[in-house]
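Please read this note alongside the sequence and the model.

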Amino acid sequence: MKRKSKILFIHKLPSQEYQLLLGRRISNNESFWWIPGGSVESGETDFEAGLRELEEELFLPSAYTEILNVYKHSDSIPNKIEYETPQASNIIFIVPMLSPDSINLPAIKDEFEELAWHKLDALPENMSREFSYVKTQLKSIVQLI
């Protein structure tokens, strides 16, 4: 079965609400919001695959790469959600950002039409179908951050 890895940047607002960095894609003439990521290749760890996919899809400002390097160069791994779909085994690494209010959004290289921060409790209606697999787990995990 195919394995996919995604990296989800998240931020806790002073109001105690959470924001997620999502990208809008168009596939089969359907527009939907989802998390950057893609397939794990042979010889890669799940986290390495997520990092490679980010590099292929986005130009990350230094604030994003700095927080990713904390995980990349240490034994600590971000919180994660694992789930199965009929097409793949999936993992989402949840990476907390300290202050995205003062950080530029990444620029898009490929795959996305736009990027935006969305409040967890006010996500767009056109989320990826995969969101149904992680919605409950996501709300539980972000409260640990």
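The numbered points below take up the salt bridges one after another.

1. The model is predicted: local features need pLDDT of at least 70, side-chain atom pairs count only at pLDDT 80 or more, and totals for chains, interfaces and linings use all residues. Residues are numbered from 1 along each chain as its sequence is written, and side-chain values use heavy atoms, with hydrogens and water left out.

2. A search of the whole structure gives 13 salt bridges. The term salt bridge stands for a side-chain nitrogen of Lys or Arg within 4 Å of a carboxyl oxygen of Asp or Glu.

3. One of these pairs is R3 with E82, whose closest N and O atoms are 3.1 Å apart. R3 belongs to strand β1 (residues 2-12) and E82 to strand β6 (residues 79-84), so distant parts of the chain, 79 residues apart, are linked. Strands here are DSSP runs (E, at least two residues), numbered from the N terminus. E82 is partly exposed, with 43% relative accessibility; buried means under 20% relative accessible area, exposed over 50%, and partly exposed in between (1.4 Å probe, protein chains only).

4. E114 and R24 also form a salt bridge, at 2.7 Å from N to O. Because E114 lies in strand β9 (residues 114-119) and R24 in strand β2 (residues 18-27), the pair ties together parts that are 90 residues apart in sequence. E114 is partly exposed at 32% relative accessibility, whereas R24 is buried at 19%.

5. R52 pairs with E44, the closest N and O atoms being 2.6 Å apart. R52 counts as buried, at 17% relative accessibility. Through shared partners, salt bridges join E41, E44, R52, E53 and E56 into one network.

Definitions and conventions
Helix = DSSP H or I, 4+ residues; strand = E, 2+ residues; numbered from the N terminus.
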